[in-house]
Amino acid sequence: MNRKISASILNADFLHLGDALAEVVPLVDEIHLDVMDGVFVDNISFGVPVAAGLRSAFPDSVIDTHLMISTPHRYWQEFVDMGSSIVTFHYEATDHSYALLKQLRAAGVDAGISLTPATDARLLEPVKEFIDRLLIMTVEPGFGGQSFEPAMLRKIERARELLGPEVDIEVDGGINDRTIADVQSAGANVFVVGSFIFGAEDRAEQVARLRDALR
Ligand code: DX5
Ligand code: ZN
């Protein structure tokens with residue numbers, strides 16, 4: 001199973017975002033974009049123009065777009081058009097996950113669906129064949145820098161049993177050099193890391209610590 005580190009820019013210095021990413025992009029596998037609308041979560045981050053700017057600055061990167069918005073059906077196409085590689089919406093935000101997963105795949109991106117901590121992964125059983133990536137939130141979505149919730153390890157294990165080996169299982173929230181090995185053992189293979197990378201002086205050293213912990 002392909003292990004990937006997806007760097008979340010949410011806690012980066014937005015005034016110097018390009019410089020920070022120029023340093024981090026060669027070290028990681030994906031850029032994770034946390035799009036927040038102030039409705040689905042109690043925070044507002046950034047939207048399509050910032051995402052499009054990053055796409056043109058980093059044309060070869062995998063862009064992993066995480067939509068924490070209450071109207072994903074209204075905005076997914078714009079995040080496909082700006083060049084996302086993966087678009088993930090929240091199961092809790094729509095009654096039409098099945099349609100949205102199919103639309104994303106048909107549009108040529110990986111179809112991602114995310115669950116907040118309280119949502120049972122078994123709810124995805126009827127649509128599992130349409131999922132390319134499941135994003136399991138290991139904190140309540142909305143803010144970077146929160147503590148990893150260990151109760152999510154069992155959920156990751158169950159999700160891996162449900163989805164089988166081919167689907168990406170991504171974890172997001174509180175991932176650092178101490179928590180990454182446990183989520184990997186539970187069955188996750190994509191690791192979103194925000195403040196552990198962007199909150200440090202030596203970002204290369206932080207990514208090296210993550211890779212060491214995964215060994
Ligand atoms: C939280 C976001 C995360 C967050 C991760 O709602 O989805 O991607 O930025 O940040 P850390 O790694 O600091 O928990
Ligand atoms: Zn995220």
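How do the residues of the lining of the largest pocket divide into nonpolar, polar and charged? The lining has 12 nonpolar, 13 polar and 3 charged residues, where Ala, Val, Leu, Ile, Met, Phe, Trp, Tyr, Cys and Pro count as nonpolar, Asp, Glu, Lys and Arg as charged, and the others, Gly among them, as polar. The model is predicted, so local features need pLDDT of at least 70 and side-chain atom pairs count only at pLDDT 80 or more, while totals for chains, interfaces and linings use all residues. Residues are numbered from 1 along each chain as its sequence is written, chains are lettered from A and ligands numbered from 1 in the order in which they are written, and side-chain values use heavy atoms, with hydrogens and water left out.

The largest pocket holds about 330 Å³ of space. A pocket here is an open set of points, on a 1 Å grid over the protein atoms alone, where a 1.4 Å probe fits, with protein on both sides within 12 Å along at least five of seven lines; lining residues have an atom within 4 Å of a point. The volume is the space filled by probe spheres set on the points, which are joined across faces, edges and corners. Of the 28 lining residues, G144, G145, G173, G174 and S195 are the closest to the pocket centre. At least two lining residues come from each of strand 2 (30–36), strand 8 (190–193) and helix 7 (195–198); helices (H or I, at least four residues) and strands (E, at least two) are DSSP runs, numbered from the N terminus.

Strand 2 also contains L33, which counts as buried because its relative accessibility is 0% (buried means under 20% relative accessible area, exposed over 50%, partly exposed in between, with a 1.4 Å probe and protein chains only). In strand 1 (residues 4–8) lies S6, likewise buried at 0%. The S6 side chain makes a polar contact with that of E30, at 3.1 Å (a pair of N or O atoms within 3.5 Å; within protein, one must be able to donate a hydrogen and the other to accept it, and residues adjacent in sequence count only if both atoms are side-chain atoms).

Turning to strand 5 (residues 110–115), 5 of its 6 residues are buried. Strand 5 runs parallel to strand 4 (residues 86–90), joined by 5 bridges, and two strands pair if DSSP finds at least two bridges between them. V87 has A111 of strand 5 as its bridge partner. Strand 5 also pairs in the parallel sense with strand 6 (residues 133–137) over 4 bridges, and L115 stands opposite I136 of strand 6.
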